Structures are given as structure tokens and as C-alpha cells.
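Student: I would like to learn how to read a protein model feature by feature. Could we go through one together?

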Amino acid sequence: MNPPSGSNSRATVPRAICNIFTAIMALTSISLFKAAGYALDISKIVLALVGGIFIIMGNYLPKNRINSVVGYKLPWTLSHPDNWNKTHRFAGVIWVICGFFFVILSMVYAGDDIYTIIIVFAMIIAFLSPIAYSYLACK
């Protein structure tokens, strides 16, 4: 299924892929420094990079029009452009907040199990709350 004509997904997706690729390259470079013997806490750095990716994607989500590539592709969002726009605006805010939360959490991360539970819970909220929001907005 091709994106609708006039869609900005052709411009947005390559930018997002480029930014994510840059984050992966940074992680690879950091891993090489760690392998060379430098004292780095990889878990803190990865959490900060994941937060950065959430911030980047949270900024892109509201800009996407209905497409078959990026976004919450649910039956009720694909059939109602207003629902698509509201859902992705909401998702963008949630993802940016979650991204900043991850960046801040990376500064105090101590590797305890409670941090892992908090991170997983925040990701579940970031992924599922826009689905619930779009469903309630459709009803």
C-alpha cells in the first residue's frame, strides 16, 4: 500500500532513519571505547540514547499524515484523518515526555531491578496509551 499523495512520509521517514542511524553509530563508537578499556557505564549511555530516539520520534509522529509506513496504523485511525492527527499529536507528546524521562533517569540509573521495572512500565505506557486514546476518541 503506497502512502497517499501529498503525504510527507517520504520526507519524514528518511530523516528519522538518519537520526536513528546516527544514534546507533554513536552507540557503536561508545562500545568501541568501552572495549578499548575506557571506564564507561554502557547501560546509562544506552538509556540516554533510547531517550533521545524517543524524543526524535515523538517530534516526528505529529507531523505524519496517514500512511502505511510510520505511525499507529489502527482501523479507526486509518479511516478517520481527524483521529489519526489527534492520536499522533498525543503520541508525540507522550513519547517526548518519556524520552526526557529516560534521559533524566540515565543520570541516576544504578542498575537495580526497580529501574528496569520503571523503564519497562514507561515504555508500555508510551506504546499503549496512544492506542487507548485513539480508541476512546473514535467512540
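This is a predicted model: local features need pLDDT of at least 70, side-chain atom pairs count only at pLDDT 80 or more; totals for chains, interfaces and linings use all residues.

Student: Now let me step back. How many helices and strands does the protein chain have?

Tutor: The protein chain has 5 helices and 0 strands, and in sequence order the pattern is α-α-α-α-α. Its C-alpha trace spans about 55 × 30 × 20 Å along the principal axes. Of the 139 residues, 31% are buried.

Student: What share of the contacts joins residues 24 or more positions apart?

Tutor: Taking contacts with a separation of 6 or more, 67% are between residues 24 or more positions apart.

Student: How do I read a nonpolar core, and which residues touch the most other members of the largest one?

Tutor: Look for buried nonpolar residues joined through their side chains. The largest nonpolar core here has 20 residues, and L47, F54, W95, C98, F102, I119 and A126 touch the most other members. Two or more residues come from each of α2 (42–60), α4 (81–108) and α5 (113–138), with α4 giving the most, 6 residues.

Student: Which residues is W95 in contact with?

Tutor: Setting aside neighbours within four places in sequence, W95 contacts F54, I55, M57, G58, L61, Y72, A126 and F127. Two of those contacts, F54 and F127, also belong with W95, F101 and F102 to one aromatic cluster.

Student: How many aromatic pairs are there by this rule?

Tutor: The count is 9 aromatic pairs. In one of them, the ring centres of F33 and Y38 are 5.5 Å apart and the planes stand at 75°, so this pair is edge-to-face. The rings of F101 and F102 have centres 6.2 Å apart and planes at 45°, so theirs is a tilted pair. Planes over 60 degrees apart count as edge-to-face, which explains the first label.

Student: Is F33 buried or partly exposed?

Tutor: F33 is partly exposed, with a relative accessible area of 45%.

Student: How do I read the packing of two helices, and at what angle do the axes of α2 and α5 cross?

Tutor: Compare the directions of the two axes, then see which side chains meet. The axes of α2 and α5 come within 13 Å and cross at roughly 10°. That makes α2 roughly parallel to α5, since angles under 35 degrees count that way. Where the two helices meet, L47, V50 and F54 in α2 are in contact with I119, M123, A126 and F127 in α5.

Student: Which residues does L49 contact?

Tutor: L49 is in helix α2 and is partly exposed, with a relative accessible area of 22%. Leaving aside neighbours within four places in sequence, L49 contacts A23 and L27. I24 is partly exposed, with a relative accessible area of 46%. The C-alpha atoms of L49 and M107 are 12 Å apart, and these residues are 58 residues apart along the chain.

Student: Where is H88, and is H88 buried or exposed?

Tutor: H88 lies in helix α4 and is buried, with a relative accessible area of 0%. A polar atom of the H88 side chain lies 2.8 Å from the backbone oxygen of W84. Not counting residues up to four places away in sequence, H88 touches L61, P62, G71 and Y72.

Conventions: Residues are numbered from 1 along each chain as its sequence is written. Side-chain values use heavy atoms; hydrogens and water are left out. A nonpolar core is a set of buried Ala, Val, Leu, Ile, Met, Phe, Trp, Tyr and Cys residues joined through side-chain atoms within 4.5 Å. Buried means under 20% relative accessible area, exposed over 50%, partly exposed in between (1.4 Å probe, protein chains only). Helices (H or I, at least four residues) and strands (E, at least two) are DSSP runs, numbered from the N terminus. Contact means heavy atoms within 4.5 Å. Rings of Phe, Tyr and Trp (its six-membered ring) pair if their centres lie within 6.5 Å; planes under 30 degrees apart count as stacked, over 60 as edge-to-face and the rest as tilted. A polar contact is a pair of N or O atoms within 3.5 Å; within protein, one must be able to donate a hydrogen and the other to accept it, and residues adjacent in sequence count only if both atoms are side-chain atoms. Axes are lines fitted to C-alpha atoms, for helices over the stretch in contact, and angles run from 0 to 180 degrees between N-to-C directions. Angles under 35 degrees count as roughly parallel, over 145 as roughly antiparallel, 65 to 115 as roughly perpendicular and the rest as oblique.
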